[in-house]
Amino acid sequence: IEINMDGWTTGAEKNPWYHGEPYASINRMYLKMKTAFMPYNYTYAKQAHDTGVPMVRALVLEYPEDPFTWGNQTQYEYMWGENLLVAPVYQDTQMDENGNDVRNNIYLPDKDQIWIDYFTEEQYQGGQVINNFDAPLWKLPLFVKNGAILPKDVENNSQLFLNGDEDRIFEVYPAGTTTFDLYDDGMSQDYKEGLGTMTHITSEEPEAGEKGDAVITVGKMSGTFEGMKSERGTQFIVNVSEKPETVTATIGGEEVTLKEVSSEAEFNEGTNVYYYNEALKTVWIYANSVTGTYTAASPSTANPTSATVAGTTYTLESTAAYKLSDLGSYTIGDTVTLLLGKDGTAVDVVSTSRFSGSFVGIVSSIGSDSYTNEAGAKIIESVVNVTCTDGVVRTYQANTDNLKVGDIVAITF
């Protein structure tokens, strides 16, 4: 709930960075989410002002005909506006030492509705209670109603840093015909004088499970307020199950040619472009891994080009070679995990305590690492630190051009 709360502790302990990592990065991610969702939140604030219907809603307010919402079975979850269902982790169910847990008894209303995990995009049919929902330390159980239209701001640390002419963002989960009426009055209190703007957005698509065109329409803004910017760019984030065959846009009745780009960086820098992102951002993909005792290096540990682990010899790429050399982190006799590329070469080495297969995490920092290779040259590599779902912060070499702190990323093996 978006309120300022006094507590029973000192002021310093309430700072989001007080406890260090991974908590600072988790707090940072959710604070950025809060500012990004301001257009959605502010619209429901206006609705609350006009009608008395709150932003935070017991499920019975949205689903009064559903008997399951009449009692206390849904007391530990709520709707945030009409499109988001929040089910916070409120008790220790089977929490591990790093704070990772599961959430039981999450009721998803409406048997004809599909609910989507906001972070993983996994879909759940409504009209059921789900248990053992994975809730690692960083993850709030947050579900989006299929068909939702979520207006958002560009990434920012505070609304005070925005001047009103930034791109509008509409995140859409097309399913059937849905609408959203966006309210805005800028950084003013013009609503007291009856001023402000409304923008009607519609999404039309065949019902869930059926293929067809998704048509998203942003109507002409009506109304005015002090400092209103009438010309702004618009971004659409359209959640689809597969790459669309074509993407077209029409502005003021005239078709605009859109260029497909291959990266998020190109998308952010371009105009009249679109980008298909098939999945979560991936820091690195490893084809396989092997864990065992590091028993030999060839031709020597001073300058290894291959290493024997678990009785098998593997060719080493530069990062793995450095880590298994005399200058690196591992010595003969250590138990290690080799991360293998598609050709079977060892591309990296991690300790077994830091390896857990595929996982998801938050980018907590981006930087660089350096080492001196066998030729005496200093090598500088880009690295990303990821606070993973098991609470461990892992470091990987990666192309960081399209990554930023707070991104949710996948690391797959």
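This is a predicted model: local features need pLDDT of at least 70, side-chain atom pairs count only at pLDDT 80 or more; totals for chains, interfaces and linings use all residues.
Lysine 152 belongs to strand E11 and glutamate 171 to strand E12, so the pair ties together parts that are 19 residues apart in sequence.

### Salt bridges

Side chains of opposite charge can pair when their charged atoms come close. A search of the whole structure finds seven salt bridges. Three of them, including the pair described above, are listed here.

| Glutamate 260 | Lysine 243 | 2.8 Å |

Glutamate 155 is partly exposed, at a relative accessible area of 46%. Lysine 32, by contrast, counts as buried because its relative accessibility is 17%, under the 20% cut-off for that class.

In the salt bridge of glutamate 260 with lysine 243, the closest N and O atoms are 2.8 Å apart. Glutamate 260 lies in strand E20 (residues 259–260) and lysine 243 in the loop between strand E17 (234–238) and strand E18 (249–251), so the pair connects parts 17 residues apart in sequence. Both partners are partly exposed: glutamate 260 has a relative accessible area of 37%, and lysine 243 has one of 42%.

Aspartate 66 is found in the loop between H3 and E2. This residue is buried yet has no salt bridge; the nearest side chain of opposite charge is that of lysine 111, 11 Å away. Leaving aside residues up to four places away in sequence, aspartate 66 touches Tyr107, Pro109 and Asp110.

Tryptophan 70 is also in the loop between helix H3 (59–62) and strand E2 (78–80). Tryptophan 70 counts as exposed because its relative accessible area is 56%, over the 50% cut-off. Together with Val60 and Leu61, Trp70 makes a nonpolar surface patch of about 310 Å².

### Strand pairing

Strands of a sheet pair through backbone hydrogen bonds, either parallel or antiparallel. An open sheet of six strands has the order E1-E2-E3-E10-E6-E7 and antiparallel pairing. Its edge strands, E1 (56–57) and E7 (123–125), each pair on one side only. Within this order, strand E3 (residues 84–86) and strand E10 (residues 142–145) run antiparallel and are joined by three bridges; leucine 84 stands opposite valine 144 in E10.

Strand E14 (residues 196–204) is joined to strand E13 (residues 177–184) by eight bridges in an antiparallel arrangement, with phenylalanine 180 opposite isoleucine 201 in E14. E14 also pairs with strand E15 (residues 215–218) in the antiparallel sense over four bridges, and glutamate 204 stands opposite valine 215 in E15. Three bridges join E14 to strand E16 (residues 222–224), again antiparallel; the bridge partner of threonine 197 in E16 is glycine 223.

How values were computed
Residues are numbered from 1 along each chain as its sequence is written. Side-chain values use heavy atoms; hydrogens and water are left out. Patches are made of residues with over 30% relative accessible area and no salt bridge: like charges are joined within 9 Å, nonpolar side chains (Val, Leu, Ile, Met, Phe, Trp, Tyr) within 5 Å. Accessible areas come from the Shrake-Rupley method with a 1.4 Å probe; for residues, only the protein chains shown count as cover. A salt bridge is a side-chain nitrogen of Lys or Arg within 4 Å of a carboxyl oxygen of Asp or Glu. Helices (H or I, at least four residues) and strands (E, at least two) are DSSP runs, numbered from the N terminus. Buried means under 20% relative accessible area, exposed over 50%, partly exposed in between (1.4 Å probe, protein chains only). Lys and Arg count as positive and Asp and Glu as negative; His and the chain ends are not counted. Contact means heavy atoms within 4.5 Å. Two strands pair if DSSP finds at least two bridges between them.
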